[in-house]
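Here are some notes for a colleague who is opening this structure for the first time. Please read them with the sequence and the model side by side.

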Amino acid sequence: MRVTQSMLSQNMLRNLSSSYNNMGKLQEQLNTGKKVNRPSDDPVVVMKGMGYGMQVNKVEQYQKNMGEVNNWLDSSDDALDGVGQVLHRMKELATNAANTGTMGENERKAIETEMNQLREHVRDLANTKVGDKHIFSGNMTDQPLFNKDTGKFEDGKSFSANVEIEVFDGINLRVSTDVNKMFKEIDDMFGEVEGMIATGEGFSGLITSIDSKLDTVLSKRADIGARSNRAELMKNRLEMQEGAAKKQRSQNEDVNFEKTITDLITAESIHRATLSVGARIMQPSLMDFLR
Amino acid sequence: MRSTFMGLETSKRGLYTQQSALYTTGHNIGNVNTPGYTRQRVNMQATSGFPGIGINAGTMPGFLGTGVETGSIQRIRDSFVDHQFRSESTKLGYWESRTNAIAQMEDAIGEPSEYGLQQSMSDFWQSLQTLASSPENGGARAVVVERGVAVADSFNYIYKSISEVKGNLGDEIDFSAKDINSLLTQIGELNKQIANVEPNGYLPNDLYDARDGLLDQLSSYLPIETSYEKSGGRASAIAEGTVTIKIKTNVPGKTITVVEKDQVAELTVDGNDPNQPFPNLMTGFTFTGGPIQNPADGKLSVNEMVKSGELKSLVDSYGYIDSDGKEKGLYPEMMTKLDKMANEFAKAFNAVHEEGTDLAGVKGEPFFVLPAGATEFSASNIAVNDAIRKDPNKLAASDAKTGAEVGNGQNAKKLGDVFFAKLPGLDGSSVQSYYAQTIGQLGVEGQQALNMTESSGVLLLAVSNRRASISSVSLDEEMTDMIRFQQAYNASARMITVMDETLDKIINGMGTVGR
């Protein structure tokens with residue numbers, strides 16, 4: 001085959017531009033850290049990548065939701081712990097009063113004052129707020145469970161509705177605790193105590209009643225504890241999911257730096273070789289040897 | 001009887017002929033970098049000997065050579081390779097243009113990225129989840145509304161970018177048609193000049209080169225077939241004649257003759273609505289005038305076009321009205337898909353939203369709204385309800401049947417589920433997977449186009465190298481020729497000196513006996 005200068009220079013230009021192209025692609029990969037930057041680079045990777053990306057976002061969001069779950073459950077537990085402490089103090093007072101037998105006017109006044117404070121505290125606990133939410137008001141988080149205007153505990157259906165937060169596709173955790181009845185009963189009990197103090201009736205009957213309320217509080221806390229455990233498990237699972245989803249996404253679309261850098265070095269030496277070979281071939285012609 | 005000065009004449013012819021060869025060498029060297037230039041060669045031939053043949057020819061014991069003359073100056077070219085080159089160039093024209101069109105679509109859609117439609121939908125979903133767990137939070141509500149607006153904006157933006165590119169492709173079709181017309185006219189003009197020159201026995205090599213260059217250009221637009229017609233008169237045997245160009249079609253036996261001698265047809269673009277200016281819904285092309293006698297012969301519908309050449313590729317990308325009245329093509333189909341996706345998503349989302357109740361306990365309004373007069377959502381018209389934008393409390397996050405439940409986020413959760421719900425309008429896919437599929441499909445087509453561009457480019461390069469191997473100028477070769485012709489010239493000149501010395505003997509040295 002007859003070979004001419006124009007062929008040599010054209011081939012050389014083409015080789016140079018293709019090796020530039022190659023290096024450009026590798027440079028883009030190294031800069032972005034991604035194997036693919038447009039659908040036609042690798043349609044399968046891009047399509048899968050969109051799925052994995054959504055998966056990662058989902059898990060991240062569920063982890064945020066999980067924070068909300070913990071917030072809610074911890075606050076509920078703290079509040080019920082407060083209720084338990086109130087009941088214990090009440091029991092102490094009742095036991096003391098029962099042991100001393102008849103109470104003088106002053107003692108009764110003192111107990112009454114403390115009981116009133118405890119009752120207020122329980123009502124406050126029923127209205128516990130986390131952020132903007134009253135956590136014991138069911139779906140009516142903007143309204144307190146104990147309505148100070150009516151002096152009553154709300155008992156509408158919406159107030160006892162379950163509040164659930166999604167922690168994984170289709171998996172919901174109940175974060176609300178159904179305590180309307182319990183708070184109402186405890187408050188009613190305070191009402192009874194008031195009557196007892198007024199009439200001078202003995203407190204011995206009250207102790208069993210307090211015990212049964214303490215039981216209720218404990219069982220509610222046990223329920224919260226059980227759900228916290230589940231939340232903990234779910235949290236671990238989400239962490240695993242996050243790791244798995246990110247790994248899948250990374251394997252799918254991230255650049256293998258060692259390999260890509262090696263490729264770049266190879267491409268660079270090919271480019272250098274192209275240049276130096278070109279320079280050697282293009283130069284000599286018969287001209288150089290004619291007088 | 002030979003003439004006294006015959007030897008001088010013979011050597012003079014040698015001088016002239018070698019000089020022509022040297023001039024041609026110079027022409028070749030001068031054009032070494034001219035695109036489309038074909039190297040030329042002087043065909044030397046010996047002149048008829050002495051005595052000539054005829055009744056009055058003298059008798060002599062030998063047949064004396066009378067030197068050399070320039071028979072012809074010929075282009076070194078292989079028409080078979082030209083044919084191959086043009087057919088590969090048509091293929092490359094198609095795939096290069098398609099690769100370009102797909103790359104522009106990829107740019108317009110901008111996936112995968114941190115700011116594409118996919119990301120804005122993902123953000124929207126996340127905001128709905130946050131709303132589900134904090135429905136009483138005004139911030140969460142505002143974020144949902146803004147993310148919803150971002151989704152609508154993404155749809156609008158992508159649609160607008162794609163329409164713009166589509167418009168550019170339409171302009172490109174228009175421009176290509178003009179370019180094709182100009183090429184045809186120029187070829188016709190060259191045919192005319194060639195037909196004027198050839199009967200005189202000349203070979204207009206540079207006109208041939210110009211015409212071949214134009215044919216190469218034309219072949220990247222359309223699949224062509226060429227044939228040649230000899231000029232009459234004293235045309236040389238190696239004269240090429242005028243070219244006849246036919247456009248190949250998918251219909252067996254049908255070709256459209258667009259150039260014949262100096263007769264040239266003109267190309268126009270056909271739309272389905274003659275009142276609309278192009279670019280609009282296009283149906284095909286029409287060639288009129290020139291060699292086309294019957295107007296029906298000049299019709300080239302899109303279905304009849306061979307899937308080759310840049311023009312067909314532009315049509316395939318820009319879109320056309322098929323014989324069944326439907327609009328087809330890369331861009332219109334993508335726009336239809338986006339419209340469908342926006343419509344199905346907005347409808348499903350609205351349905352769930354209208355089921356729920358807002359912060360005041362009122363049934364939800366539509367979240368996405370149509371502009372006045374429209375009946376269907378599309379990627380270009382999808383927008384978030386202004387009432388909700390102004391008052392995010394109107395977001396129906398709650399699923400309470402009666403009254404207001406501020407802390408109820410159940411409906412927000414259901415709204416989030418819309419992204420992953422299988423929608424019958426999307427052939428049973430979810431919005432998420434439909435979009436991923438659409439992008440995947442675009443990628444597959446892009447990859448195919450890239451591969452085809454690559455392989456037809458390699459083939460074209462091979463053919464182009466073969467053509468260059470035959471026709472392009474080699475400086476080494478020309479330098480060798482230069483030496484060759486120079487030496488021959490010098491030798492002829494030396495012959496004249498010898499003749500001079502011989503004649504000097506006769507003229508000045510003879511008849512001087514005794515002096």
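1. Across the interface of chain A and chain B the rule finds four salt bridges, a salt bridge being a side-chain nitrogen of Lys or Arg within 4 Å of a carboxyl oxygen of Asp or Glu. A:Arg38 and B:Glu106 meet through their side chains in a salt bridge, at 2.7 Å from N to O.

2. A word on the basis of these values: this is a predicted model, in which local features need pLDDT of at least 70 and side-chain atom pairs count only at pLDDT 80 or more, while totals for chains, interfaces and linings use all residues. Residues are numbered from 1 along each chain as its sequence is written, chains are lettered from A and ligands numbered from 1 in the order in which they are written, and side-chain values use heavy atoms, with hydrogens and water left out.

3. Between them, chain A and chain B bury about 4,200 Å², of which 52% lies on carbon and sulfur atoms; buried area is the accessible area (1.4 Å probe) that two parts lose on being put together, summed over both. Of the area that chain A buries against chain B, 17% is supplied by A:Arg2, A:Met50 and A:Met54, more than by any other three residues.

4. The contact (heavy atoms within 4.5 Å) takes 44 residues from chain A and 55 residues from chain B. Across this interface the rule also finds 29 residue pairs in polar contact, both residues at pLDDT 80 or more; a polar contact is a pair of N or O atoms within 3.5 Å, where within protein one must be able to donate a hydrogen and the other to accept it, and residues adjacent in sequence count only if both atoms are side-chain atoms. On the side of chain A that touches chain B, α1 (5-32), α2 (43-99) and β5 (164-168) of chain A each supply at least two residues, and the largest share, 13 residues, comes from α2(A). Helices (H or I, at least four residues) and strands (E, at least two) are DSSP runs, numbered from the N terminus.

5. Over all chains, the count by the salt-bridge rule comes to 51. Within chain A, the side chains of A:Arg123 and A:Asp187 meet in a salt bridge at 3.0 Å, N to O. This pair links distant parts of the chain, with A:Arg123 in helix α3 (residues 105-126) of chain A and A:Asp187 in helix α4 (residues 180-199) of chain A, 64 residues apart.
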